[in-house]
Amino acid sequence: MMISKNLHVPGARLRYLLRGTGPLLLLVAGGDGDASASDDLAAQLADRYTVLTYDRRGLSASTLDDPGDPPTVTTHANDLHHLLAALTTEPAYVYGSSIGALICLELVSRHPEQVGVLVAHEPPATQLLPEPERSRARQEQQEVEDVHRAQGALAALRRFAALAAIDPADREPGVATTPPGPERLPNLEFFLTHDAPAVRRHLLDLSALKAASTRILPAVGEASAHIWAHRCGRLLAEELGVSYVEFPGGHNAGVFRPRAFAARLHEVLDSAGAVPGPPGTDRAGDEPAR
């Protein structure tokens with residue numbers, strides 16, 4: 001069973017989905033991914049966890065009170081803080097991919113008590129890269145934004161996919177991939193206009209991450225060693241003095257390889273120990289799942 005709910009947070013209303021039973025596991029998608037972007041992955045995990053997904057503010061059904069006040073990575077992290085506080089008083093399991101990983105790291109730097117274990121998959125934290133690699137990566141980020149302004153969202157998406165080495169053919173049987181249609185364009189426009197520049201500008205508080213009580217597990221894809229986001233994951237592990245963990249597939253494997261990815265995620269979380277308690281009482285109103 002899956003339920004859809006809304007939560008009012010400062011400056012926005014968030015839509016989120018809950019499914020499954022067990023300890024709370026929050027999945028934070030990358031790119032312009034909303035709650036549905038993690039559907040296949042969540043379905044593979046719902047027999048072991050209460051899986052929480054959501055639309056980031058500005059995407060799909062999560063609306064801004066003031067559209068003229070775009071979010072930052074810190075804004076998104078604060079949204080997660082309020083979302084978790086509404087659901088549980090116990091530390092949760094959290095998995096984030098790409099921008100989702102960056103948001104989750106910011107959450108941990110501010111509210112480590114809310115996260116027991118964080119799996120941060122290929123966060124685009126260019127501050128970790130040495131020069132000249134850092135400048136090249138930031139230039140590539142800027143190029144995606146420039147292509148968006150000059151040629152539109154779909155051209156920018158193709159550029160982004162090339163930089164992240166996303167190969168739609170590298171997927172499990174039965175996983176459908178379709179070209180982005182008109183229904184995705186508003187999310188893609190919002191991501192490219194606001195979230196992508198926010199990622200480029202964001203700096204992690206590495207001192208706070210090192211001091212956090214959260215067990216942070218930087219993660220990388222087995223097939224993505226040639227992209228700089230993969231290198232960021234490995235350098236984050238080095239910075240924190242921990243080992244990185246490998247997952248099957250590349251940068252987008254949580255979408256393209258949900259069965260293998262879910263099995264590996266459960267293995268990683270299980271070996272991390274310290275299973276959090278079940279979710280607490282949610283103070284937001286129920287709505288039928290969409």
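Let's start with helix α10, residues 258-272, in what is a predicted model. The helix has 15 residues, and at 1.5 Å a residue these should span 21 Å.

Next, which residues of α10 are buried? They are Pro258, Phe261, Ala262, Leu265, Val268, Leu269 and Ala272. Looking down the axis of α10, you find these buried residues within an arc of 130°, and therefore they line one face of the helix. On the face turned away from that buried side, α10 carries Asp270 and Ser271, which are exposed. After the helix comes Gly273, with a positive phi, near 70°.

Now to the pockets. Rolling a probe the size of a water molecule over the atoms shows where empty space is left. In this model the largest pocket holds about 1,300 Å³ of space. Its lining is made up of 44 residues, and those nearest the centre of the pocket are Asp32, Ala37, Arg184, Asn252 and Val255.

Where does the lining come from? At least two residues each are supplied by α1 (39-45), β6 (92-97), α5 (153-163), α6 (185-201) and α9 (253-256). Of the elements, α5 gives the most to the lining of the largest pocket: five residues.

And what is the lining of the largest pocket like by class? I have 22 nonpolar residues, 15 polar and seven charged.

To go back over the two parts: the buried residues of α10 line one face of the helix, and the largest pocket is lined by 44 residues. That's the end of my part.

Terms used
Residues numbered from 1 in each chain as written. Predicted model: local features only at pLDDT ≥ 70, side-chain atom pairs only at ≥ 80, totals over all residues. Heavy atoms only, no water. Helix = DSSP H or I, 4+ residues; strand = E, 2+ residues; numbered from the N terminus. Expected span 1.5 Å × (residues − 1). Buried < 20%, exposed > 50% of the residue type's maximum accessible area, 1.4 Å probe, protein only. Arc of directions from axis to C-beta. 1 Å grid on protein atoms, 1.4 Å probe; cavity = no way out; pocket = protein on both sides within 12 Å on 5 of 7 lines; lining within 4 Å. Points joined across faces, edges and corners; volume = space filled by probe spheres on them. Nonpolar A, V, L, I, M, F, W, Y, C, P; charged D, E, K, R; others polar.
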